[in-house]
Amino acid sequence: MFSKLSAEFLGTFWLVLGGCGSAVLAAAFPDVGIGLLGVSLAFGLTVLSGAYALGPISGGHFNPAVSVGLCVGGRFPAALLLPYTVAQVLGGVAGAAVLYLIASGRADFSLAGGFASNGYGAHSPGGYSLVAGLVCEVVMTFMFLVVILGTTHKRAPVGFAGLAIGLGLTLIHLISIPVTNTSVNPARSTATAIFVGGWAIQQLWLFWIAPVIGAALGGFTYKALLEGPVEEPPVTGRSRS
């Protein structure tokens, strides 16, 4: 169990440091900033690399909503939800702490820039409303779980799940960064909100409720409508008696 929780801690640490770090440190760097596309890719790469490095140990959730969705989908025991969630949140906070230590080394650094926190209304990158943010986070997390459950199913090609999941998260960020700065992950949202405080903490509830609802719906939908039996290949080469 300790190795599983350590893997979840480290994977979420990597996700927050890599994904949020790209947004805070590199997105708007003068003349050569990576922009929205680069940040989206960075989040995808953290999950892709974490899935292959740490997934064989813990399953590579790195996200409380993913753990909930896998539980609802029948792929993860409910007894592990709480310890996984605690490990993920602590890992995310540790990643944000390291990012803060690095970012604050610049003379003009200020948390007023948002520190890659998630928000709606006045704190949405594109000025999107609470309702828009809610719908976006529910739907994006729903589809994320469908991708995860589909690519890790026994009938899926072996060895490609991490690639598909990482690219799926990249696409999710390309769609939703302008709306909420993209959460789909309560641990990631909590990690940065703790450092920003104020409005980020006040709006944090949405980035727990919406991803968890979306993930649970994704897990239920896949299990109820898409799971299906695993078809056995036809037996060939058998001698006739």
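From the N terminus on, the elements of the protein chain in this predicted model run α-α-α-α-α-α-α-α-α. That comes to nine helices and zero strands. The radius of gyration is 19 Å, close to the 18 Å that the globule rule gives for 241 residues, so the chain is as compact as a globular protein of that length. Here is a friendly tour, from the whole chain down to single residues.

**Overall build**

- Along its principal axes, the C-alpha trace spans about 85 × 35 × 35 Å.
- Of the 241 residues in the chain, 47% count as buried.
- If we look at contacts with a separation of 6 or more, 79% of them come from residues 24 or more positions apart.

**Surface and charge**

- The protein chain has an accessible surface of about 11,600 Å², and carbon and sulfur atoms own 71% of that area.

- Helix 7 runs over residues 186-196 and is mostly covered, with nine of its 11 residues buried.
- Those buried residues are Pro-186, Ala-187, Arg-188, Ser-189, Thr-190, Ala-191, Thr-192, Ala-193 and Val-196.
- Which helices do the buried residues of helix 7 pack against? The partners are helix 1, helix 2 (35-58), helix 3 (64-72), helix 4, helix 8 (199-202) and helix 9 (206-226).
- At the start of helix 7, Asn-185 brings a side-chain oxygen to within 3.0 Å of the backbone nitrogen of Ala-187.
- Just after helix 7 comes Gly-197, whose phi is positive at about 65 degrees.

- Val-184 is not a glycine, yet its phi is positive, at about 50 degrees. This residue is found in the loop between helix 6 (161-180) and helix 7.
- Is Val-184 buried or exposed? Its relative accessibility is 2%, and buried means under 20%, so Val-184 counts as buried.
- Ala-116 likewise is a residue other than glycine with a positive phi, in this case near 60 degrees. Its place is the loop between helix 4 (81-103) and helix 5 (130-151).
- With a relative accessible area of 9%, Ala-116 is buried.

**Thr-12 in helix 1**

- Thr-12 sits in helix 1, which covers residues 2-26.
- The relative accessible area of Thr-12 is 0%, so this residue is buried.
- Which backbone oxygen does the side chain of Thr-12 reach? That oxygen belongs to Glu-8, at 2.7 Å.
- Leaving aside residues up to four places away in sequence, Thr-12 touches Phe-62, Gln-88, Gly-91, Gly-92 and Ala-187. One of these, Ala-187, is also among the buried residues of helix 7.

**Ala-215 in helix 9**

- Ala-215 has its place in helix 9.
- Ala-215 counts as buried because its relative accessibility is 0%.
- How far apart are the C-alpha atoms of Ala-215 and Val-139? They are separated by 8.8 Å, although the two residues are 76 residues apart along the chain.
- Ala-215 touches Ala-65, Gly-69, Thr-141, Phe-142 and Leu-145, again not counting residues up to four places away in sequence.

Key:
Residues numbered from 1 in each chain as written. Predicted model: local features only at pLDDT ≥ 70, side-chain atom pairs only at ≥ 80, totals over all residues. Heavy atoms only, no water. Helix = DSSP H or I, 4+ residues; strand = E, 2+ residues; numbered from the N terminus. Rg over C-alpha atoms; globule rule 2.2 N^0.38 Å. Buried < 20%, exposed > 50% of the residue type's maximum accessible area, 1.4 Å probe, protein only. Contact = heavy atoms within 4.5 Å. Areas by Shrake-Rupley, 256 points an atom, 1.4 Å probe, with all protein chains shown as cover. Polar contact = N/O pair within 3.5 Å; in protein donor to acceptor, adjacent residues only side chain to side chain.
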